[in-house]
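Hi everyone, thanks for coming along. Today I'd like to walk you through one structure, step by step, so please have a look at it with me.

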Amino acid sequence: MFLNECPGVGKAENTKMPRKTKVKAGPSLFDSVAATEETDGPATDSLKDTTSTFADNLGLAVHRWFRYSAGFSAPWVREVIEREKAAGRSRIFDPFAGSGTVALEAERCQVESTGIEAHPFVARIAQAKLNWRAPPEAFTRYALSILASSRTEKVRRKEYPALMGKCFPPEILTQLEALRCAWKRKADDSPNSALSWLALCGILRECSPVGTAQWQYVLPSKSKARATNPFSAFEAKVRLFAADMTLLQNQQPGPQARLYADDARKCESVPDGWADLVITSPPYANNYDYADATRLEMTFFGEIEGWGCLQDTVRSHLVRSCTQHVSSLTKQMDTLLDAKVVEAISTELKTVCKEMATVRDTHRGKKNYHTMVAAYFKDMAEVWLALRRVTAKGSLVCFVVGDSAPYGIYVPVDRWLGELALAAGFKSFRFEKTRDRNIKWKNRKHRVPLHEGRLWVQG
Ligand SMILES: C[S@@+](CC[C@H](N)C(=O)[O-])C[C@H]1O[C@@H](n2cnc3c(N)ncnc32)[C@H](O)[C@@H]1O
């Protein structure tokens, strides 16, 4: 059963984004921050590098099953794995696995891999994708039997969570609910059940006529030119899955990737010294709310009651990279800044956080960027310690990451992450810039030039 919106939590939708904001196809994660946030807006001025975007994956078997706006480029990941495999590295680890891009590419490149992802819903998406080895004909029969049952399903439900009502007209909602009920009735622990769940997740946004682009926000006041009928969309998705499964099964299968719901600050699922190559993209310190990114899907499946429930269900598991995450921490600033793990950067970190706290008082929104930045680096320092434990001597780590400038105050994210890596016991770091950002001063809340790229850390 769907749950109702949490009483009194308000904020059923985040309507902070203005109508004129363009949601561009295939944005980088870095571009995904709403332009109205006083952080870093869309990259109209970006270079062409697509390492940090999901755009490359939209045409790739299995990767394309769920469009995860925070995902990065599978072809680029493959290139790195192939190159490093030739150099003798064959145990790949992704501590921020997201939708499983590295896991899938490691399988394709015939190397062992482990991924961990702390967002429970996103981890489930990645785990579902790893079922591509299931027999495609049996999966198709299973999923089409769900479709057949849903066509005759008597949906008696009258009340839906507010977000559902805002995103779908009643007739579409009834069909989606019929599919959900039919899926649920058959649901078990099988790969076919997980794949059918993913197919249903994957059609929600295309069946909505409102602004549900793969974005952390849902925009009920915007409309799309075309919305697909749920039954046709589900059938098309199932057939796409089956075609991709057949395609990949005709290639030489690599070892099965492992993907766990786990926390990168501990990496408990990974043995000491196991990995020799880490390829990942951590959350950026740029106020992107990963919890909100799957609010539509989680609400549809009844996993949350509304926006207010995201804190306990999702955010509490994640690296603190958005202000929504830290409102209860403002009184703990000194503890965060004095933490031993951030000692290597603490002088600069304190200066930046102090400046942000001062500037905050002059802004209407009074966002707690200072707390977010302090908590972010404490979390990331713990990630480096965990990475040092799970990586072998001589390992190589690549973080796809960008810097940020909340309230126009520059945070040298890549350098600080590099310094924290050294403090955790890694040997050296260098940053390879792939794109400039915020250089044309268009629609900007601040004029600080920013960049994005690859932080290479040698262990
Ligand atoms: C930039 S995304 C990675 C996307 C991934 N490269 C892909 O292609 O799908 C960062 C991911 O880190 C996850 N995350 C945040 N905090 C985490 C933590 N403490 N441990 C593990 N994963 C975490 C987020 O949920 C998000 O999915």
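Before we start, one term: we say that two strands pair if DSSP finds at least two bridges between them. Also keep in mind that what you see is a predicted model.

Let's begin with one such bridge. Glycine 115 sits opposite leucine 259 in E5. Strand E2, residues 112-117, and E5 are joined by four bridges and run parallel.

Now, which helix packs on the sheet and touches E2 and E5? That is helix H3, residues 120-129, whose direction makes about 165° with that of E5.

Next, the other neighbour. E1 and E2 also pair in the parallel sense, over four bridges, and here arginine 91 has glutamate 112 in E2 as its bridge partner. To get from E1 to E2, the chain passes through helix H2, residues 101-108, in a right-handed β-α-β crossover. Is E2 mostly covered or uncovered? Mostly covered: five of its six residues are buried.

Let's zoom out. The open sheet has seven strands in the order E5-E2-E1-E6-E7-E9-E8, with mixed pairing. Strands E5 (258-261) and E8 (428-437) each have a single partner strand, so one side of each has no neighbour in the sheet. On average, neighbouring strands are turned by 15° against each other, ignoring direction.

Finally, the ligand. There are 23 residues around the ligand, and Gly71, Phe96, Gly98, Thr101 and Ala118 come nearest. The shell comprises 14 nonpolar, six polar and three charged residues.

Terms used
Residues numbered from 1 in each chain as written. Predicted model: local features only at pLDDT ≥ 70, side-chain atom pairs only at ≥ 80, totals over all residues. Near = placed C-beta within 6 Å. Nonpolar A, V, L, I, M, F, W, Y, C, P; charged D, E, K, R; others polar. Helix = DSSP H or I, 4+ residues; strand = E, 2+ residues; numbered from the N terminus. Axes fitted to C-alpha atoms, helices over the stretch in contact; angles between N-to-C directions. Contact = placed C-beta atoms within 7 Å. Buried ≥ 20, exposed ≤ 12 C-beta atoms within 10 Å, placed from the backbone. Right-handed = clockwise from strand over helix to strand, strands pointing away.
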